[in-house]
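Have a look at the sequence and the structure, then read on.

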Amino acid sequence: LLNRNVMMLKFSIAIIDNDPLVVFATRHMCKSILEDSYVITYKNPIEFFTHLKNGDVAMPDIILCDYDIPVMNGLEVYDTLKKYINEKKPTFYLCSIDLNIVRYELYFNSDYFCGSLSKSLELDVPFKVINLKLHSTAS
């Protein structure tokens, strides 16, 4: 379990998913793990990239992106994200209802792609993602 000092850390987390129930549940889980985290949600990646481009939002620490978004799939989001990355590299995870999502990992080769997650996310999944980010930030 995270101690109280860790729970007070401020992380920014972007959730990109067109399913409102998944967004609601994931946001709630992230906020329950890190109370002061800044969680921003997007129904589509176009809005996310517009906000990044305009400077309305800084590059998040963690990005949880649905692979199966109608407007732009997770691989296209990942490719577009490369254009916006400078010194702050996010921790990027693909999420999908497809149990074979691991096969998509072959197309990702970067130091900020961290893997894939199967939906629906259980509470231990955001906990592990945040905990890994905490450890990578500390080292």
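## Cysteines that stay apart

The closest cysteine sulfur to that of Cys30 belongs to Cys95, and at 9.6 Å it is too far away for a bond. A disulfide needs two cysteine sulfur atoms within 2.5 Å, and the structure holds zero of them. Cys30 is buried at 2%, and Cys65 is buried at 0%.

A word on where this comes from: the model is predicted, so local features need pLDDT of at least 70 and side-chain atom pairs count only at pLDDT 80 or more, while totals for chains, interfaces and linings use all residues. Residues are numbered from 1 along each chain as its sequence is written, and side-chain values use heavy atoms, with hydrogens and water left out.

## The overall layout

The protein chain has five helices and five strands, taking helices (H or I, at least four residues) and strands (E, at least two) as DSSP runs numbered from the N terminus. Along the sequence they follow the pattern α-β-α-β-α-β-α-β-β-α. Of the 139 residues in the chain, 47% are buried. Contact here means heavy atoms within 4.5 Å. Among contacts between residues at least 6 apart in sequence, 67% join residues at least 24 apart.

In soluble globular proteins, nonpolar side chains tend to be buried together. A nonpolar core is a set of buried Ala, Val, Leu, Ile, Met, Phe, Trp, Tyr and Cys residues joined through side-chain atoms within 4.5 Å. The largest one here has 20 residues, and Ile16, Phe48, Ile63, Leu81 and Phe92 have the most contacts inside it. At least two residues of this core come from each of β1, β2 (38–42), α3, β3, α4 (74–81) and β4 (91–96). Another core lies apart from it, with ten residues, including Ile15, Cys30, Tyr93 and Val129.

Ile16 touches, among others beyond four places in sequence, Tyr42, Phe48, Ile63 and Val77. Met59 sits in the loop between α3 (45–54) and β3 and is buried at 8%.

A pair of aromatic rings is described by the distance of the centres and the angle of the planes. Rings of Phe, Tyr and Trp (its six-membered ring) pair if their centres lie within 6.5 Å; planes under 30 degrees apart are stacked, over 60 edge-to-face, and the rest tilted. The count by this rule is four aromatic pairs. One of them is Tyr42 with Phe48, edge-to-face at 5.3 Å centre to centre and 65° between the planes. Tyr42, Phe48, Phe49 and Tyr84 form one aromatic cluster. Tyr42 is buried at 2%, and Phe48 is buried at 1%.

## Charged side chains

Which two aspartates are worth a look? Asp17 lies in the loop between β1 (12–16) and α2 (20–33), while Asp66 is in strand β3 (residues 62–66). Each makes a polar contact, meaning a pair of N or O atoms within 3.5 Å; within protein, one must be able to donate a hydrogen and the other to accept it, and residues adjacent in sequence count only if both atoms are side-chain atoms. The two also touch each other.

| Residue | Relative accessible area | Side chain reaches backbone nitrogen of |
|---|---|---|
| Asp17 | 3%, buried | Asp19, 2.9 Å |
| Asp66 | 3%, buried | Asp68, 3.1 Å |

Beyond its sequence neighbours within four places, Asp66 also touches Gly74, Cys95 and Lys119, among others.

Side chains of opposite charge can pair when their charged atoms come close. A salt bridge is a side-chain nitrogen of Lys or Arg within 4 Å of a carboxyl oxygen of Asp or Glu, and the structure holds one. Lys82 and Asp79 make it, at 3.6 Å from N to O. Lys82 is partly exposed at 43%, and Asp79 is partly exposed at 38%.

Definitions and conventions
Buried < 20%, exposed > 50% of the residue type's maximum accessible area, 1.4 Å probe, protein only.
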